Amino acid sequence: MSLLGRAGHEPAARESGYAAHRAGVERLLESYRAIPPGAVVRLAKKTSNLFRARAATTAPGLDVSGLGQVIAVDPAARTADVAGMTTYEDLVAATLPYGLAPLVVPQLKTITLGGAVTGLGIESTSFRNGLPHESVLEMDILTGAGEIVTATPTNEHADLFHGFPNSYGTLGYSVRLKIELEPVLPFVALRHVRFHDVRELEATLERIVLERTYEGETVDYLDGVVFSADESYLTLGRKTDEPGPVSDYTGMDIFYRSLQHPDGTTRDRLTIHDYLWRWDTDWFWCSRAFGAQNPKIRRLWPKAKRRSSFYWKLVALDRKYRIDDRRQARKGNLPQERVVQDIEVPVQHTADFVEWFLREIPIEPIWLCPLRLRAFDDATGEIDTRPWPLYPLEPQRTYVNVGFWSAVPAERGQPEGAANRAIEKIVSAFDGHKSLYSDSYYEEAEFAELYGGDTYTELKTRYDPDQRLLNLYSKAVQRK
């Protein structure tokens, strides 16, 4: 019996999982063969966590309807075989009964494992566990050529294994992933530490990442929120099985508001399940755009629809019918510029970037999440300098992800995406990178330098020789 409840996984259940997966793979291949020659190959997927538009197409898409399940969990080996379209909500539900969780669980329930690997993901364990693709042991990938290959760090498809992260479906789609899991405990004890100076926060964060402790207590989870130049917080989490009361932020209480206090440190406790999904109920703080944080509205808002996937549907409706653009036009304003981004800068430039951002971009709060590549191989005791060429971060260097998700007033006479382009330039100046799930405005040569260059071209030639899949620049910048 696990620490989190009883869990059984009999051989018959495992075989059933693999049989269902094989059937899903066959449907996928049949759908690939049904796409006309010359037509762009895309997923036939109604939902997405991407925030960039794409061109419409009349061609049929890839049928991934049979690739949304956890195939098998091996609690002894601490691994899981997972179909590529499985959401983290379903993945966590399958692993927590064993007292296990993925090494990194992105914040939103409907992010898929395959999406987090090909598009990058991050969370409060990333300062010790890196990014989701670093806990992948092997992948079955449907390439642009219509072949399914198994890629590992050392086999004949190692180049694809290393080039797949940040490729966003332009080199292929993951069909199955075998991932590492780590032990968790039933509860997470939290400390919210306030700072009045972002530079003091930066120094403290850097020290915690290296020492993994704060004031004598272990730190297993670490992220932060900046509300303003003189109000910011680090949230330090510690695994625990100590019984006691826990908070609930799925009802009237709102998690990010619980961080705020005048000075010093406050404490809180969540179940591990509620900790992993603490940001999903209010989509961080973005639910306020829909009125869902207004107490009068919140009481009437169905609890089942207080989740990121429902807010995303509201965003899709706004985009389809241009509701906000029309509202702005009635006021005589230009459409607002969407600024929905995650960037990474070296930890030493965290305060530099935050101070610039707070001066230049009228968005708050913003999220902070430190990360380091999993560069140390515990088995050999050696430094692993494995390359991830499409998102090249340096081993043994601490970075901080800064997330901001809102819109700013567009200014007359300014080119499209002026605020986003300014962000791209300052991030490059600070030796950082920007994630590609949202709007990008790079020139093609600059983009190639940042995101793979010749290595990406070589991978594209080998695994998508007929260019059935869009290339990364076309998809990320040109919105094709």
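Trainee: Is Cys286 buried or exposed?
Mentor: Buried means under 20% relative accessible area, exposed over 50%, and partly exposed in between (1.4 Å probe, protein chains only). Cys286 has a relative accessible area of 15%, so Cys286 is buried. The model is a predicted one, where local features need pLDDT of at least 70 and side-chain atom pairs count only at pLDDT 80 or more, while totals for chains, interfaces and linings use all residues. Residues are numbered from 1 along each chain as its sequence is written, and side-chain values use heavy atoms, with hydrogens and water left out.

Trainee: How many disulfides are there?
Mentor: A disulfide is a covalent bond between the sulfur atoms of two cysteines. With the cut-off that the pair of cysteine sulfur atoms lies within 2.5 Å, the count is 0. The cysteine sulfur closest to that of Cys286 belongs to Cys369, 16 Å away, too far for a bond. Cys369 is buried too, at a relative accessible area of 0%.

Trainee: Which residues of helix H12 are buried?
Mentor: Helices (H or I, at least four residues) and strands (E, at least two) are DSSP runs, numbered from the N terminus. In H12, residues 350-360, the buried ones are Thr350, Ala351, Phe353, Val354, Trp356 and Phe357. Their cover includes helix H6 (198-211), strand S10 (221-228) and helix H13 (418-429).

Trainee: What ties H12 to H6?
Mentor: Look for a salt bridge, a side-chain nitrogen of Lys or Arg within 4 Å of a carboxyl oxygen of Asp or Glu. Glu355 and Arg199 form one, with their closest N and O atoms 3.0 Å apart. Glu355 lies in H12 and Arg199 in H6, so the pair ties together parts 156 residues apart in sequence. Glu355 is partly exposed at 28% relative accessible area, and Arg199 is partly exposed at 37%. The whole structure holds 30 salt bridges.

Trainee: Which residues touch the most other members of the largest nonpolar core?
Mentor: Nonpolar side chains tend to be buried together in soluble globular proteins. A nonpolar core is a set of buried Ala, Val, Leu, Ile, Met, Phe, Trp, Tyr and Cys residues joined through side-chain atoms within 4.5 Å. The largest has 83 residues, and Trp285, Trp367 and Phe447 touch the most other members. Another core, of 36 residues, lies apart from it and includes Leu205, Val339, Trp356 and Ile361.

Notes:
Contact means heavy atoms within 4.5 Å.
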